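Please look over the sequence and the model before reading on.

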Amino acid sequence: MDHTGIAIEADIEGGVEVLTARDVPLGGPRAMTVRRTLPQRARTLIGAWCFADHYGPDRVADSGGMDVAPHPHTGLQTVSWLFSGEIEHRDSLGTHALVRPGEINLMTGGHGISHTEVSTPGTTVLHGVQLWVALPDEHRHAPREFQHHAPTPLRVDGAELRVFLGTLAGDTSPVRTFTPLLGAEVLIDAGVTVTLDVDPRFEHGLLVDDGDDVRLDGTTLRPAELGYAAPGRTSLTLTNDSDRPARTILLGGPPFEEEIVMWWNFIGRSHQDIVEAREDWERAADRFGTVEGYPGERLPAPALPNAVITPRKNRSPR
């Protein structure tokens, strides 16, 4: 996706940090609005997860749906996960795939890749999350790659899990990443508390998609909020006290210790990395390849800020 903007609010309650999203217009000819919880001033990353956009449910007839023209990425992996609707994905690897509910599409854009995202004509309601993973320095120029996986739903103590990255409740995703990660959809039955064993080396984030009374380790999270839990926990307790199921996304990974520079669709380690990536995109360098089959022009890169883009790193967990 074409991304700009930073959320800025965070509160601490009961050892869980509550990150509040802000609305951001998605770039391109149709300004679909997304809710962004990562990155923000309070927290840049959760593990290697460095970007979290949450959108919908949007009626395509009203919003125009998603139509993101060819745009580039460097130094990251994109993770697409839908709750409803369907998105057509094309990239400069030559991949032409559909993003469907309950199926992960992961694209690696290390040294450089470009792609498009367009909701399909048959989509009436579009609803899901778009996530980014920062690549560690030794792998940030990794070659282009595309992976797809449809996890089998798993029932655990009144919850249904779909593990799309990493391992949870004995289920392991085959999707390859460059750092240890956890990514799972957790659907919690009405009136249920579920305790999940987790890796104590990981920090975790729980994003509430739908649920009026969800708690993470006793801390209340409203829809579109993300609760952050620091490393050291061997389990996480998720509670749904409402009279209907609650849907959440659980993210995790060991703290990412490297400083990163994030600007537009690029992740680097210095201002110069960003300058070079932007110049390469603007001159249509082979670095990003070409997306075939999109009936429109590429997205131009925005102007660089009139200041050096400085690296960012998470502050110490509270």
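**The chain as a whole**

The model is predicted. Its chain contains two helices and 27 strands. The radius of gyration is 19 Å, close to the 20 Å that the globule rule gives for 318 residues, so the chain is as compact as a globular protein of that length. Taken along the principal axes, the box filled by the C-alpha atoms is roughly 55 × 45 × 35 Å.

Of the 318 residues, 57% count as buried. Among contacts between residues at least 6 apart in sequence, 73% join residues at least 24 apart.

**Backbone geometry**

Most residues other than glycine have a negative phi, and most peptide bonds are trans. The residues and bonds in the table depart from this pattern in the model.

| Site | Feature | Value |
|---|---|---|
| Leu 38 to Pro 39 | cis peptide bond | omega about -5° |
| Gly 56 to Pro 57 | cis peptide bond | omega near 0° |
| Ala 169 | positive phi | phi near 55° |
| Ala 224 | positive phi | phi near 80° |

Pro 39 belongs to the loop between strand S4 (33-38) and strand S5 (49-59), whereas Pro 57 is placed in strand S5.

Ala 169 is in the loop between strand S16 (167-168) and strand S17 (171-172), and Ala 224 is in the loop between strand S22 (219-221) and strand S23 (226-229). Are these alanines buried or exposed? Ala 169 has a relative accessible area of 43% and is therefore partly exposed. Ala 224 has a relative accessibility of 15%, so this residue counts as buried, the cut-off being under 20%.

With a relative accessibility of 2%, Thr 37 counts as buried. Which residues does Thr 37 touch, not counting those up to four places away in sequence? They are Leu 19, Thr 20, Ala 21, Ala 52, Leu 207, Ala 224 and Leu 226. One of these, Ala 224, is the buried loop alanine with phi near 80°.

Methods. Residues numbered from 1 in each chain as written. Predicted model: local features only at pLDDT ≥ 70, side-chain atom pairs only at ≥ 80, totals over all residues. Heavy atoms only, no water. Helix = DSSP H or I, 4+ residues; strand = E, 2+ residues; numbered from the N terminus. Buried < 20%, exposed > 50% of the residue type's maximum accessible area, 1.4 Å probe, protein only. Contact = heavy atoms within 4.5 Å. Rg over C-alpha atoms; globule rule 2.2 N^0.38 Å.
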